[in-house]
Amino acid sequence: MCGIVGIVSTEPVNQQIYDSLLLLQHRGQDSTGIATADGPVFHMTKARGQVREAFRTRDMRSLLGTMGLGHVRYTTKGAAEREEEAQPFYVNAPYGIILVHNGNLTNTRELSQDLFRIDRRHVNSTSDTEMLLNVLATELQGQITGLELDPDQVFQAVSHVHERVEGSYAVIAMIAGYGLLAFRDPFGIRPLILGKRTTDGGKTEWIVASESLVLENGDYEVVRDVEPGEAIFITLDGEMISRQCATNPRLVPCSFEYVYLARPDSVMNGISVYEARLRMGDRLASTITTHMDKGDIDVVMPIPDSSRPAAMQVAQKLGIEYREGFYKNRYVGRTFIMPGQAQRKRSVRQKLNAMGTEFRGKNILIVDDSIVRGTTSKEIVEMARAAGANKVTFTSAAPPVRYPHVYGINMPSRRELVAHDKKIPEIARELGADHMIYQEVADLQAAITDGTGITELDLSCFTGEYVTGTVTPEYLDWVERTQLS
Ligand SMILES: O=P(O)(O)OC[C@H]1O[C@H](OP(=O)(O)OP(=O)(O)O)[C@H](O)[C@@H]1O
Ligand SMILES: NC(=O)CC[C@H](N)C(=O)O
Ligand SMILES: [Mg+2]
């Protein structure tokens with residue numbers, strides 16, 4: 001789940017894109033990039049690391065132009081450490097296209113063959129995003145008849161992309177000399193939202209971004225979410241044209257955005273992430289009461305940061321004191337989205353410290369938003385015990401993560417998942433907790449969608465059911481053998 005943003009403005013966009021990326025930093029910490037268009041000329045800077053360390057003043061000065069896009073990367077395909085695989089990606093024909101992508105393609109084996117054999121295109125990385133860009137470029141090339149590009153041709157090209165590409169993709173691209181294109185996969189797995197604002201001179205400026213908080217921060221009004229399968233084209237003069245480009249679009253958004261990825265102050269597909277997390281807390285509290293006596297819990301404690309809203313609600317619902325026993329070092333980023341298990345493990349200890357006074361002799365109920373590899377929870381239980389806790393009950397506002405996530409979250413291998421193939425008491429033993437309680441899948445679904453009119457969610461990492469057809473057991477084996485850990 002990377003973070004993406006694109007802006008068509010009436011003034012220079014470099015600073016706005018930078019500010020937007022800072023707001024999306026929680027979606028990716030591996031690398032970042034900005035590209036701008038100054039008339040038909042592109043400027044681009046990309047580098048490893050986080051936004052604050054990646055862009056220097058001289059880079060920012062060179063990013064000229066009133067249209068631009070940016071990316072923060074959390075690697076799911078390709079290599080996290082290779083700067084060349086940082087986004088955006090560029091192709092010089094047709095016209096010149098620069099593209100950013102949030103998501104993960106599940107038919108890259110077929111795509112790389114087809115791109116080479118049929119389209120005669122060389123893709124110089126293992127990045128799925130570079131393949132996606134080359135498919136778009138091929139399809140656009142196939143549509144162009146005269147010299148000029150027509151939005152109809154762009155929409156036709158996106159329809160063909162939908163036919164060729166499988167998996168999840170929220171995409172923003174600039175076509176040199178023409179405008180900004182944004183589209184979302186036919187299941188709308190990854191988020192994308194459209195906003196606009198009017199200048200004093202009455203001109204309209206547009207923004208497309210992964211999360212609504214970026215729009216709010218830039219004083220843009222929310223127009224709407226980009227629909228699953230829909231493409232939006234914004235011309236250089238600020239005219240917005242949209243079209244449904246998929247034959248059978250269906251909204252099936254990723255549940256993990258609401259559990260962990262998105263910032264709580266964002267609204268996605270009309271659902272407030274914060275409120276969804278409160279509802280997860282409500283439902284988890286009910287499940288807790290069916291498993292244990294409230295009288296056996298002295299305090300409810302969150303694991304900072306992401307579980308705070310759910311933990312607060314669990315405490316309130318159970319009528320038990322809420323205490324923050326883990327102090328968080330604000331200078332350590334999110335550990336789950338770091339590349340490599342060694343770094344993740346080291347960082348949990350650097351990130352969290354247990355305060356003895358909150359633990360000594362107490363029965364603690366810990367709430368985390370999710371338990372994936374168990375890196376955090378194992379360390380936390382040890383820390384709680386070392387700080388003198390009596391009994392440690394570990395709870396998760398999400399159900400057990402038992403299956404790989406192949407739509408843009410780096411959990412490719414079943415072996416790595418602490419809950420894969422294990423019953424809950426076995427997980428408790430593995431993590432060293434006295435007791436473990438997980439959210440039920442139906443409760444998670446209800447917590448996210450209740451009252452929203454949304455009927456489907458991608459819950460694949462909890463259920464093993466994948467919405468795109470190409471995710472077969474053979475594919476999952478291949479992913480497990482070949483991808484990142
Ligand atoms: O079971 P694991 O593999 O450890 O993964 C799950 C943990 O990782 C995340 O925290 P993270 O530190 O990334 O970010 P946060 O500060 O937003 O909670 C998540 O909130 C869990 O605490
Ligand atoms: N998390 C994402 O959206 C990743 C985008 C792309 N698959 C990459 O690895 O760079
Ligand atoms: Mg956490």
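Reply: We may begin with burial. A residue is buried if 20 or more other C-beta atoms lie within 10 Å of its own, exposed if 12 or fewer, and partly exposed in between, with C-beta atoms placed from the backbone. In this protein, buried residues make up 54% of the 485 residues. The model is predicted: local features need pLDDT of at least 70, side-chain atom pairs count only at pLDDT 80 or more, and totals for chains, interfaces and linings use all residues. Residues are numbered from 1 along each chain as its sequence is written, while chains are lettered from A and ligands numbered from 1 in the order in which they are written.

Me: How many helices and strands are in the protein?

Reply: Helices (H or I, at least four residues) and strands (E, at least two) are DSSP runs, numbered from the N terminus. The protein has 16 helices and 22 strands.

Me: What radius of gyration does the protein have, and what would a compact globule have?

Reply: The radius of gyration is taken over C-alpha atoms, and the globule rule is 2.2 Å times the number of residues to the power 0.38. For 485 residues the rule gives a value near 23 Å, and the protein, at 23 Å, agrees with it. Along the principal axes, the C-alpha trace spans about 75 × 50 × 40 Å.

Me: How are contacts read, and what percentage join residues at least 24 apart?

Reply: Two residues are in contact if their C-beta atoms, placed from the backbone, lie within 7 Å. Of the contacts between residues at least 6 apart in sequence, 72% join residues at least 24 apart.

Me: Which residues have the most contacts inside the largest nonpolar core?

Reply: In soluble globular proteins, nonpolar side chains tend to be buried together. A nonpolar core is a set of buried Ala, Val, Leu, Ile, Met, Phe, Trp, Tyr and Cys residues joined through C-beta atoms within 7 Å. Here the largest such core holds 151 residues, and Val5, Leu136, Ala173 and Ala182 have the most contacts inside it. At least three residues come to this core from each of domain 1 (3–251) and domain 2 (276–452). Apart from neighbours within four places in sequence, Leu136 is in contact with Ile97, Leu99, Ala157, Val161 and Ala173.

Me: Where do domain 1 and domain 2 lie in the domain assignment, and how many residues of each are in contact?

Reply: Domain bounds come from an automatic or database domain assignment. It gives domain 1 (3–251) and domain 2 (276–452). The contact involves 16 residues of domain 1 and 10 residues of domain 2. On the domain 1 side, strand S6 (97–105) and strand S7 (167–175) are the elements giving two or more residues, and S6 gives the most, with 3 residues. For residue classes, Ala, Val, Leu, Ile, Met, Phe, Trp, Tyr, Cys and Pro count as nonpolar, Asp, Glu, Lys and Arg as charged, and the others, Gly among them, as polar. By this scheme the side of domain 1 that touches domain 2 has 3 nonpolar, 11 polar and 2 charged residues. The centres of the two domains, taken over C-alpha atoms, are separated by 35 Å.

Me: Which residue does the UniProt annotation "active site" cover?

Reply: UniProt positions are given in the numbering used here, feature names are shortened, and annotations may be inferred rather than shown by experiment. In the unreviewed UniProt entry, "active site" covers Cys2, in the segment before strand S1 (3–8). Cys2 counts as buried because 27 C-beta neighbours lie inside 10 Å. Beyond residues up to four places away in sequence, Cys2 touches Arg27, Gly28, His71, Val72, Arg73, Tyr74 and Asn102. Over residues 2–237 the chain is 28% helix and 33% strand.

Me: Which backbone angles deserve attention?

Reply: Omega and phi may be taken in turn. The peptide bond from Gln87 to Pro88 is cis, with omega near 5 degrees, and Pro88 lies in the loop between strand S4 (67–73) and strand S5 (89–91). Another cis peptide bond runs from Pro304 to Asp305, with omega near 0 degrees. Asp305 is in the loop between strand S16 (299–302) and helix H10 (308–318). As for phi, Tyr95 has a positive value near 65 degrees, although not a glycine, and is found in the loop between S5 and S6.

Me: Is Tyr95 buried, exposed or partly exposed?

Reply: Tyr95 is partly exposed, because 17 other C-beta atoms lie within 10 Å.
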